[in-house]
Amino acid sequence: MGKHKVFYESKLAYIEIANFMKNYISNKTVIVCIGTDKCIGDCLGPLVGTYLKESKLQLPVYGTIEFPIHALNINKRLAEINKNHPNANIIGIDACLGDYKSIGEIHTRDYPIHPGKGVGKSLPEVGIASIIGIIDSSDNVELFTSRSIRLHLVMQMAKVISNGIIYAYNLNNSSKE
């Protein structure tokens with residue numbers, strides 16, 4: 001299993017994300033962003049989804065601030081996505097907890113997301129590839145509800161991730177012309 005990590009403030013972070021993800025992005029790709037806007041720590045996915053929708057990315061995007069995909073509706077939403085896009089390559093995006101020194105890292109991976117795993121939930125895995133953003137320490141007993149998580153951090157990470165996906169899509173489409 002392969003993965004690549006980059007710090008969100010790195011000037012070329014979006015290019016590093018694109019270079020990894022371009023192998024998984026095609027016209028058959030669906031982006032599935034996991035999380036909820038009811039909690040700053042868990043809104044990374046819906047922010048990415050919202051930024052991608054606003055950018056008019058030519059791929060289906062599910063999970064936005066307006067229509068989030070979270071623990072309570074993930075099974076139903078994944079069933080709808082699989083029905084509407086039966087042969088899609090799904091890329092999953094989610095916030096994650098990690099080591100304190102890893103906060104701000106974005107990991108691109110060639111394997112699915114396991115949403116809720118860090119908080120003890122058993123939810124279906126999402127994607128053939130995934131992007132996670134480490135937004136807080138797993139040492140924090142409050143898990144995702146910590147008042148120490150800044151919305152600015154989550155928004156900046158979401159912008160870097162969405163720019164990386166857009167760039168990867170554009171790399172693939174410009175090489176086919």
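Visitor: What makes E2 and E3 partner strands, and how do they run?

Guide: This is a predicted model, in which local features need pLDDT of at least 70 and side-chain atom pairs count only at pLDDT 80 or more, while totals for chains, interfaces and linings use all residues. Residues are numbered from 1 along each chain as its sequence is written, and side-chain values use heavy atoms, with hydrogens and water left out. Strands (DSSP runs of E, at least two residues) and helices (runs of H or I, at least four) are numbered from the N terminus. Two strands pair if DSSP finds at least two bridges between them; two bridges join strand E2 (residues 29-33) to E3, so they are partners under that definition, and they run parallel. Isoleucine 31 stands opposite valine 61 in E3.

Visitor: Why are E1 and E3 said to stand at the edges of the sheet?

Guide: The open sheet has six strands in the order E1-E5-E6-E4-E2-E3, with mixed pairing. Strand E1 (3-7) and strand E3 (61-62) each have a single partner strand, so one side of each is left without a neighbour in the sheet.

Visitor: What makes helix H2 a helix that lies across the sheet strands, and at what angle does H2 run to E2?

Guide: Contact means heavy atoms within 4.5 Å, and helix H2 (residues 44-54) lies across E2, E3, strand E4 (89-98) and strand E6 (129-137). Axes are lines fitted to C-alpha atoms, for helices over the stretch in contact, and angles run from 0 to 180 degrees between N-to-C directions; on that scale H2 runs at about 135° to E2.

Visitor: Why is lysine 56 called exposed?

Guide: Lysine 56 counts as exposed because its relative accessibility is 60%, against a cut-off of over 50%. Lysine 56 is placed in the loop between H2 and E3.

Note on methods: Buried means under 20% relative accessible area, exposed over 50%, partly exposed in between (1.4 Å probe, protein chains only).
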